[in-house]
Amino acid sequence: MISVWIVAAALAATPPVYHLWESFHTTDGLPSEKAFCVAVDRDRVWVGTDRGLACREEGVWRTYREAEGLAHNAVLSVAVDPATRELWAGTMGGLSRLSAGRFTTFTQFDSGLPNDVVFGVAIENQNVWVATTVGQGRYMVREGRWQVYTPENSPQHEPWGYAVDYADGKVWAALWGGGVLEFDPATEKWKDHIDPDREMEIDLFRDDGLIHMITTAVSYRAGILWAATYFGLSSYDGYRWRGYMDHDTGLASNFINSVKAKGRQAWLCTDKGLSVVDYGSNRWVTYAPRDDPSNYMGPWVARNYSEGELLNTVALEAGLANNFVLGVDFHGEDVWVATAKGVSRGRLGGAKSRKGISP
Amino acid sequence: MISRTMVVALCALSPSAMSDDSLAVYGNTPEELRPFGRFLTAPYKQFFVEPLEFTGPGREKPEPKVETVRIGVLAPLEGSHETYIGRDMLAGVELAIDERNKSGGFRGTPFELVVRNDTGLWGASANEIVAFSYEDSVWAVIGTVDGANTHIAIRVALKTELPVMNVADTDPTLVETKIPWIFRNIADDRQMAYTIAFHLYKERSFERVAILRADNRYGRFGVGEFRGGSVRLGHPPPIEINYEVAHRNLNPEFALQIERLRRVDPDAVVLWADAEAAGHLVRRIRGAGLTMPVFACDRVLHGSFVEIAGDAAEGVVAVVPYDPSSPSRLHEGFRDSYRKLHSDEPSVHAAHSYDGTMMVLAAIDKAGLNRYRIRDALAEIDQFEGVTGKIEMDRVHSDRGRVTMATMRGGRWVYNEPKVLRAF
């Protein structure tokens, strides 16, 4: 009976394999093949591309560009306020808010936005956080007031923001060269998490803390902090740090563009495919081209790993739009993925795959 | 002399010892200076010893028809304490472009420079890379100088997928980011710091070496490897003194810095400063009667250092990314052309800019007008014979050619003096 329970628990902690993938391209209505980010708002899917902001609703793609009031056509980050459904887009030319069909733009010339290149955006209560290339900003929407965080007022040695997330009452910021910052809005206090060895060219011990000072993304869910770097992945549950690299786990690549957690599982967007890991079991599923990881034309496979051991490989009839994955978000059980050459949707289903729309 | 038979036998006995893979050790780091090397045989993971890849799409994009082939230049050209570097940089780039245009440009299409200043707004280098990418449609960028500005720029270049050739930022961390779009053709402060540390502690047997540096990222990261190396070699610096970058307004006499040096009375001083500030500092040091040897970074190789320091510059030793006195037809031709245009000797930065531009143009020749293939062509360069000598690129696309030293004698730099037994 106990063994049955153990098997059941292990299965429950194993990320499921998404067999059904379909992809969307400019031929389907996307403004560009290059998608930097994706965010799901109920039945709308927002995609930031290098040529505009796209929205899919009821199966139809619509594009917003500078002509419609968007700050810049290159959209690096998107967040939707769950209370107001206002959309906030971090672009390469400022921050844009889409509310009631109209854009309002904030730039470093006309607001407290630290810099016009906005890599990350997140909603915290009635406030909007931005990670810009030179500073974190907090826009207090109701007051119309900005607070900017730099080395002068927070524990960072350079103000190089790269990503920001909000969950469970804390703001988390990934800093280029500064590790991860944690901000408690209730106390307005900062705390930093840095690489204990402080050396750029090594990771001294696997599980001693952050893998590297250069962090690229951060996601906090279910009490677990996930920090992505171009050197691997780190997790922290409040007691224990753990490091993950491509040689000791099922991680597709150490070059992780972004991370997004769902429950106790983290989805990793890498330059060689998409990985998902379960925190408790350290079981992995990685979606990547079968042979050459940069040959996105496939064929694609899903590989199942336990710790670093490959358990099995599942052939997919259709894979992701591209191996260079930049963003991920969830719509119920569905997963939406932004890649450097199109957008993909993964769905759970039987082992029999449905052919996706080919690139 | 070791015979070929002997070499074969040695190889058979110890193949790894005879390995020629010099890139297996990142940054030419000697065993004694490996981080935590005294305590661990190896870290869990050593980075930067494997080739950087770009695995994204883009190589398939067709070449457009263009009227000019645009190259961006990002540099501190006004409003910065580093304009003396930025202007030399631009001069080197312009000379290279002029020469190439006279010989036909790119398949008959001329190259055109698009020049932007990196020190305007807060974080200007990010905004300028956006403009280079989306407004100017350049094929590559040469730049920039300041470590912070370059770090800001390369993250945007990663997103817009634009090759960046750096020719003047010696911050070691610039290439320690795994961004596959950044290249650097000048030796960094890691190599320079190792060379000074070995010379001071191993060859000169100094024990107490003070650090005097700019209070900015250049100073902080410039001496970082020297500070760490000193500790690892058993000689932690007795003091690290900062000076204000805006010294002219805040502290023109450097009184506090001089007093601290006097109190500590070190065996020598390592100076990481811009040329003008270094000139004032050395003049004040000698004016105060302090006679300890001064070992300085490569930025003192600019003419303004000698002009300001005057006789006090005598005997100052600088670490040098390349040796302009070594006989080379390439360098002589470059120097002659530069003198004709500017009535002056080319600086370290002008020479490296010229080479960096030539590397970019060679990559465009090979790859055509496609940023992804230009990146690949740059990444394929292991060695490049330039006016600065042989440029040896490592696996993170940074020049690891050996540096040297020069000593100020009678108002001129004498290269390869002192002769260092071990250069990095």
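Across the interface of chain A and chain B, seven salt bridges are found in what is a predicted model. One of these ion pairs joins B:Arg232 to A:Glu199, with the closest N and O atoms 3.1 Å apart. Polar contacts across the interface of chain A and chain B amount to 24 residue pairs, both members of each pair being at pLDDT 80 or more. On the side of chain A that touches chain B, the elements that give two or more residues are the strands β14 (161–167) and β18 (202–203) of chain A. The residues of this side of chain A divide into 26 nonpolar, twelve polar and 13 charged.

The contact between the two chains takes 51 residues from chain A and 43 residues from chain B. The area buried between chain A and chain B is about 4200 Å², and carbon and sulfur atoms give 63% of this area. Of the area that chain A buries against chain B, 15% is supplied by A:Trp160, A:Trp176 and A:Glu201, more than by any other three residues.

Chain B is itself divided into domain 1, which comprises 69–187 and 327–392, and domain 2, which comprises 189–320 and 404–415. To the contact between them, domain 1 of chain B gives 18 residues and domain 2 of chain B gives 16 residues. The C-alpha centres of domain 1 and domain 2 of chain B lie 28 Å apart. Between these domains of chain B an area of about 1400 Å² is buried, of which carbon and sulfur atoms give 54%.

Three salt bridges are counted between domain 1 and domain 2 of chain B. The side chains of B:Arg299 and B:Glu82 also meet in a salt bridge, at 2.9 Å from N to O. Across the interface of domain 1 and domain 2 of chain B, eight residue pairs are in polar contact, with both residues at pLDDT 80 or more. On the side of domain 1 that touches domain 2, the elements that give two or more residues are α2 (83–102), α4 (147–160) and α13 (348–367) of chain B. The residues on that side of domain 1 of chain B divide into eight nonpolar, six polar and four charged.

Over all chains, the structure holds 50 salt bridges. In one of them, the side chains of A:Glu124 and A:Arg138 meet at 3.1 Å from N to O. Because A:Glu124 lies in strand β10 (residues 118–124) of chain A and A:Arg138 in strand β12 (residues 135–140) of chain A, the pair ties together parts that are 14 residues apart in sequence.

Some features of the backbone complete the description. The peptide bond from A:Gly298 to A:Pro299 is cis, with omega near 5 degrees, and A:Pro299 is placed in the loop between β26 (283–289) and β27 (300–306) of chain A. In chain B, the peptide bond from B:Glu417 to B:Pro418 is cis, with omega near 0 degrees, and B:Pro418 is found in the segment after β15 (412–415) of chain B. A:Ala100, a residue other than glycine, has a positive phi near 50 degrees and lies in the loop between β8 (94–99) and β9 (102–106) of chain A.

Technical notes. Residues are numbered from 1 along each chain as its sequence is written. Chains are lettered from A and ligands numbered from 1 in the order in which they are written. This is a predicted model: local features need pLDDT of at least 70, side-chain atom pairs count only at pLDDT 80 or more; totals for chains, interfaces and linings use all residues. Side-chain values use heavy atoms; hydrogens and water are left out. Domain bounds come from an automatic or database domain assignment. Contact means heavy atoms within 4.5 Å. Buried area is the accessible area (1.4 Å probe) that two parts lose on being put together, summed over both. A salt bridge is a side-chain nitrogen of Lys or Arg within 4 Å of a carboxyl oxygen of Asp or Glu. A polar contact is a pair of N or O atoms within 3.5 Å; within protein, one must be able to donate a hydrogen and the other to accept it, and residues adjacent in sequence count only if both atoms are side-chain atoms. Helices (H or I, at least four residues) and strands (E, at least two) are DSSP runs, numbered from the N terminus. Ala, Val, Leu, Ile, Met, Phe, Trp, Tyr, Cys and Pro count as nonpolar, Asp, Glu, Lys and Arg as charged, and the others, Gly among them, as polar.
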